[in-house]
Amino acid sequence: MSNPSPERKALFSAAINAFLMQRCQDKRDKLPPDDPRHEALLAQHAPPVWLEDAARRVMQIQAVTHTLKAIHPEARGTNLYCPPQTLSPRTEVGSHSLTAGFSGDVVGNAAALDVYKFLKIQVDGLSVLDGLRGGDVDLLAALSHDPQQAEAWRAAFVSITLPRGDAATHGKAKQLYWLVGDDPQRNDDFHLLAPLYASSLAHAVYRTIDEDRFGDAAKAARTARRERSEHPGVVREYPQLAVQKLGGTKPQNVSQLNSERRGNNYLLASLPPTWKSHDLKIPHHVESIFPIFGRLPEVRRRVIALRRFLLSDPDPTIETRDRRDYEIEGVIDELVAFAAERQSLLTPGWSAAPACDLAEPEKLWLDPGRMASDAEFRASWRWMDWPDEIGKRFGNWLNGQLSGHLPVGDIEQRFWADELSVDPEWAARMDRQRKKISRDEPMASGGHQ
């Protein structure tokens with residue numbers, strides 16, 4: 001172990017002493033000048049005495065980033081402390097998106113919160129808690145001249161981030177069975193999840209929205225907009241914002257951060273989109289629907305994202321394959337939605353019009369309703385060679401979007417086609433249509449059930 005730096009040790013000592021002196025003075029200010037408890041308070045806040053007591057009381061609280069208390073204040077289960085840097089990077093927004101200066105939360109006995117305030121003391125950009133977690137020798141030397149004593153206090157204080165007992169959920173906690181296999185009738189194909197409230201993330205969201213709504217910069221920007229004058233700022237709106245109160249009249253029973261927000265937690269609007277049906281045009285005088293599909297803004301965006309990723313020449317790792325599959329699935333999702341819109345909104349039989357020049361596989365794909373009135377068309381659909389042809393046409397189209405930028409050929413074309421054929425939503429829609437045909441066929445053919 002390296003020798004402590006006298007300068008940094010002095011900085012930590014000064015910060016700790018200032019914290020204790022301020023706490024002591026706040027309490028003494030409430031007493032009459034001649035009250036005999038002045039001396040007792042001074043003795044209690046001597047660093048060795050207070051630190052020994054704090055190391056004992058720290059077991060009454062727990063530092064968390066994800067808490068169960070916000071789900072139900074009476075739930076007695078596991079809370080977790082997971083700093084952002086320990087979480088896997090993802091493209092979605094989550095707790096991993098927080099920066100190193102994130103706000104940690106604390107649950108437990110409110111009477112011991114002064115210990116957490118001590119651990120949040122900042123010295124040279126480093127909190128006491130982080131310093132102890134990292135075994136900062138200067139901080140340990142500031143705690144005590146006795147290395148064994150300093151190490152004992154360090155072990156006690158850093159335990160604030162550890163779960164209390166074995167991982168457990170509770171009857172008042174939320175639990176969710178999540179399908180991870182293929183068969184929803186098998187118990188082994190489910191994981192049981194116990195969701196926790198992302199307290200640090202919720203606090204960051206709250207502060208951001210609050211600043212956008214009530215901050216001075218936001219007010220100035222809104223005033224400029226109302227007066228139609230120039231302003232360098234940005235106005236952010238959160239339509240249909242809801243406020244969820246946690247903890248009722250005692251928000252401190254949920255967590256420290258919840259208490260600081262007076263129990264208020266913002267909920268962004270999470271509503272299904274309002275369907276704006278537009279006049280779908282029957283694809284007349286075109287041999288394929290794919291050029292029309294490729295001009296959709298979201299499809300273009302997803303294809304560009306896929307092309308940029310492949311052009312980055314990523315290493316051949318699992319993460320690369322996962323990212324590639326994610327981008328391809330986005331394109332396929334758009335294709336399935338594009339087809340579903342035409343299958344459900346266009347009048348069945350539209351593909352029989354003389355002006356419809358679509359290739360036969362695309363007619364069978366996009367106009368399944370025609371089977372009810374066209375026995376020959378139904379027989380062709382049931383022959384089921386058209387899905388492979390759609391896959392090939394999809395592969396050709398996607399190759400066309402990438403060629404000129406990437407060396408794509410038959411291998412890639414077959415890969416794109418295979419990805420479409422195994423897409424769960426594509427397969428599920430096909431299966432539903434097959435079952436519907438089986439149900440309707442006796443009536444369509446004039447038979448009797």
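Predicted model: local features only at pLDDT ≥ 70, side-chain atom pairs only at ≥ 80, totals over all residues.

Trainee: Which residues touch the most other members in the largest nonpolar core?

Mentor: F118, L119, L132, L143, F157 and I160, out of 37 residues. A nonpolar core is a set of buried Ala, Val, Leu, Ile, Met, Phe, Trp, Tyr and Cys residues joined through side-chain atoms within 4.5 Å.

Trainee: And what is in the second core?

Mentor: That separate core has 36 residues, including I289, V299, I328 and L420.

Trainee: New topic. Is D138 buried or exposed?

Mentor: Buried, at 6% relative accessible area. Buried means under 20%, exposed over 50%, partly exposed in between (1.4 Å probe, protein chains only).

Trainee: What does the D138 side chain join up with through a polar contact?

Mentor: The side chain of R8, at 2.4 Å. A polar contact is a pair of N or O atoms within 3.5 Å; within protein, one must be able to donate a hydrogen and the other to accept it, and residues adjacent in sequence count only if both atoms are side-chain atoms.

Trainee: Rings now. Which residues form the aromatic cluster?

Mentor: F290, F293, F338, W365, F394, W397 and W426. Of these, F394 is buried at 0% relative accessibility, and F290 is buried at 2%.

Technical notes: Residues numbered from 1 in each chain as written. Heavy atoms only, no water. Phe/Tyr/Trp six-rings, centres within 6.5 Å; stacked < 30°, edge-to-face > 60°.
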